[in-house]
Amino acid sequence: MSPRPEVSLAQRKRQLVSDELTEAALQLLASKGFDAVTVDEIVTTAGVSKRTFFRYFASKEDVVVQFLADMGAGMRAELAGRPAGESPSVALRHAVWASVNACAGQSERALRVVQLILRTPALLARFLERQAQWRDDLAEELAHRLGRDADAGLYPQLAAGMALTAFDVVLQRWSDSDGAQDPAGLTDRAFAVVAPALDAVER
């Protein structure tokens, strides 16, 4: 096994600054709302310059979307790691649950940020734009599991789209209930609905 590459001091410092900016922005946005917070306020809270902010993020929208940026990669990694003989519905449910759990399990602030994204048109548009790439990635991984080309037939793209629709419904219900509904139960219920279609694998 090759040794894990060392993280340089510069990389650690860069990550620390990024984390501090993200934390400051999310705290402000979750408590005050998207339109009420300025970049100036974020950098003042984080104790950095505006120039530093724009080295890390193109806009305040990017800070919020970054909160969910790794979800797609996490879903694909989870799908890739599922047992080969597992049905598509079970494998995709586990993939989606990994990301729902990562979000729902973080904190009360996580709920507020999800609500902010879902209720702010500009942020929701960015989130859905990112999901288009997630769909392609999941479709590619699903096709690989089935031993076929992702562009051959309709099944991989449709199955990935259904899984992400289930993901969106779970987040929406969790958000609308102000965290009262159990995201694990919501995920199970959503996939119980789409499982028959997911497991009707196109031959």
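Is Arg 112 buried, partly exposed or exposed? At 26% relative accessibility, Arg 112 counts as partly exposed. Buried here means under 20% relative accessible area, exposed means over 50%, and partly exposed lies in between (1.4 Å probe, protein chains only).

The model is predicted, so local features need pLDDT of at least 70, side-chain atom pairs count only at pLDDT 80 or more, and totals for chains, interfaces and linings use all residues. Residues are numbered from 1 along each chain as its sequence is written, and side-chain values use heavy atoms, with hydrogens and water left out.

The structure holds eleven salt bridges. A salt bridge is a side-chain nitrogen of Lys or Arg within 4 Å of a carboxyl oxygen of Asp or Glu. One of them joins Arg 112 to Asp 178, with the closest N and O atoms 2.5 Å apart. Arg 112 lies in helix 7 (residues 108-119), while Asp 178 sits in the loop between helix 9 (155-176) and helix 10, so the pair ties together parts that are 66 residues apart in sequence. Helices (H or I, at least four residues) are DSSP runs, numbered from the N terminus. Asp 178 is partly exposed, at a relative accessible area of 43%.

A second salt bridge pairs Asp 188 with Arg 93 (3.4 Å, N to O). This pair links distant parts of the chain. Asp 188 belongs to helix 10 (residues 183-198) and Arg 93 to helix 6 (residues 88-104), 95 residues apart. Asp 188 is partly exposed, with a relative accessible area of 42%. Arg 93 also counts as partly exposed, at 25% relative accessibility.

Glu 78 and Arg 82 form another salt bridge. Their closest N and O atoms are 3.5 Å apart. Glu 78 is partly exposed, and its relative accessible area is 27%. Salt bridges also join into a network, which links Arg 76, Asp 137, Glu 140 and Glu 141.

Asp 62 lies in helix 4 (residues 60-66). Asp 62 counts as buried because its relative accessibility is 18%. A polar atom of the Asp 62 side chain lies 3.2 Å from the backbone nitrogen of Ala 58. Leaving aside residues up to four places away in sequence, Asp 62 touches Phe 57 and Arg 126. Such a contact means heavy atoms within 4.5 Å.

Conventions: Helix = DSSP H or I, 4+ residues; strand = E, 2+ residues; numbered from the N terminus. Polar contact = N/O pair within 3.5 Å; in protein donor to acceptor, adjacent residues only side chain to side chain.
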